[in-house]
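Student: I have a structure here and would like to know what stands behind the terms used for it. Could you take me through them?

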Amino acid sequence: MGDLERELRDLSTWLETPDPPDVTARVRAQLTAPAPRRRRWGAYVAAALVALLVAVLPPGRAALADAMAGLLRFAGVTVVTSSAPELPVGTPSPLPSQRAAALDEAQRAVRFPIRLPAKLGPPEQVLVADPDDTGACRVATLLYDGGALRIDAFDGHLDLAFHKQTVRPGAEWTQVDGDFAIWVGGPHVLAYVDRSGEVRRETARLAASTLIWQEGDVSYRLEGDLTKLEAIAIAGSLD
């Protein structure tokens with residue numbers, strides 16, 4: 001079994017869709033064919049499985065895997081792993097209209113509940129950013145350890161909020177509280193995507209290891225000098 005087929009099989013554990021017996025039988029038949037045909041059909045089967053995933057993933061759990069293009073899309077984040085990006089230079093700009101706020105003020109500024117991780121306690125600083133025409137902010141950020149550790153929370157309804165390219169391949173599937181998540185275990189370039197869908201290159205910066213997951217209508221990214229297990233433990237302690 002190739003890496004692509006293995007990853008797609010792993011991803012299928014998060015899908016809530018009826019079994020497709022006819023497709024499964026056809027795939028088994030091709031996988032048990034003689035070696036030359038198996039290699040030829042392997043690409044067709046992989047492409048069909050990618051297309052099937054795109055079709056059946058529930059909108060509320062907006063997860064997409066297009067491994068052949070080196071693209072992983074989940075909730076509000078797009079991870080590009082197929083190329084080494086150009087590293088940002090200079091000091092990055094903050095997110096649009098970003099400002100510091102007390103925790104209670106920040107809660108009034110966003111439409112989703114701001115949840116604190118029990119593993120970390122109260123944040124040292126809270127930021128809100130990118131308000132809409134009504135003044136409701138799109139992003140809330142909790143900062144710890146002088147800003148070296150952060151949790152970004154944003155509306156899960158949005159197609160894109162952050163765009164990232166890994167300096168080295170390192171995105172993998174994982175779980176938070178038994179649900180789908182993505183772990184990027186290496187440095188990557190991070191830039192903000194505004195409400196119109198444009199990547200704000202001026203916000204680009206080199207980010208640390210990151211865990212990405214979604215709960216309800218809120219998407220999260222935890223960034224810091226953490227192992228995958230440490231990050232998952234923090235994410236699972238949101239209260």
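Tutor: Happy to! Eight strands form an open sheet, in the order β4-β5-β6-β7-β14-β13-β10-β9, with antiparallel pairing. Strands here are DSSP runs of E with at least two residues, helices are runs of H or I with at least four, and both are numbered from the N terminus. This is a predicted model, where local features need pLDDT of at least 70 and side-chain atom pairs count only at pLDDT 80 or more, while totals for chains, interfaces and linings use all residues. Residues are numbered from 1 along each chain as its sequence is written, and side-chain values use heavy atoms, leaving out hydrogens and water.

Student: Why is Val167 called partly exposed?

Tutor: Its relative accessible area is 33%. Buried means under 20%, exposed means over 50%, and partly exposed is in between (1.4 Å probe, protein chains only), so Val167 is partly exposed. Val167 lies in the loop between β8 (162–166) and β9 (171–176).

Student: What makes Leu87, Val167 and Leu206 a nonpolar patch?

Tutor: Nonpolar side chains (Val, Leu, Ile, Met, Phe, Trp, Tyr) are joined within 5 Å, and like charges within 9 Å. At 33%, Val167 passes the area cut-off. Together the three expose about 250 Å², by the Shrake-Rupley method with a 1.4 Å probe, where for residues only the protein chains shown count as cover.

Student: Why are Ser97 and Asp177 called exposed?

Tutor: Ser97 has a relative accessible area of 54% and Asp177 has 62%; both values are over 50%, so both residues count as exposed. Ser97 sits in the loop between β3 (77–80) and β4 (99–100), and Asp177 in the loop between β9 and β10 (179–184).

Student: What makes the phi of Ser97 worth a look?

Tutor: Most residues other than glycine have a negative phi. Ser97 is not a glycine, yet its phi is positive, about 55°. Asp177 also has a positive phi of about 55° without being a glycine.

Notes: Patches are made of residues with over 30% relative accessible area and no salt bridge: like charges are joined within 9 Å, nonpolar side chains (Val, Leu, Ile, Met, Phe, Trp, Tyr) within 5 Å. A salt bridge is a side-chain nitrogen of Lys or Arg within 4 Å of a carboxyl oxygen of Asp or Glu. Two strands pair if DSSP finds at least two bridges between them.
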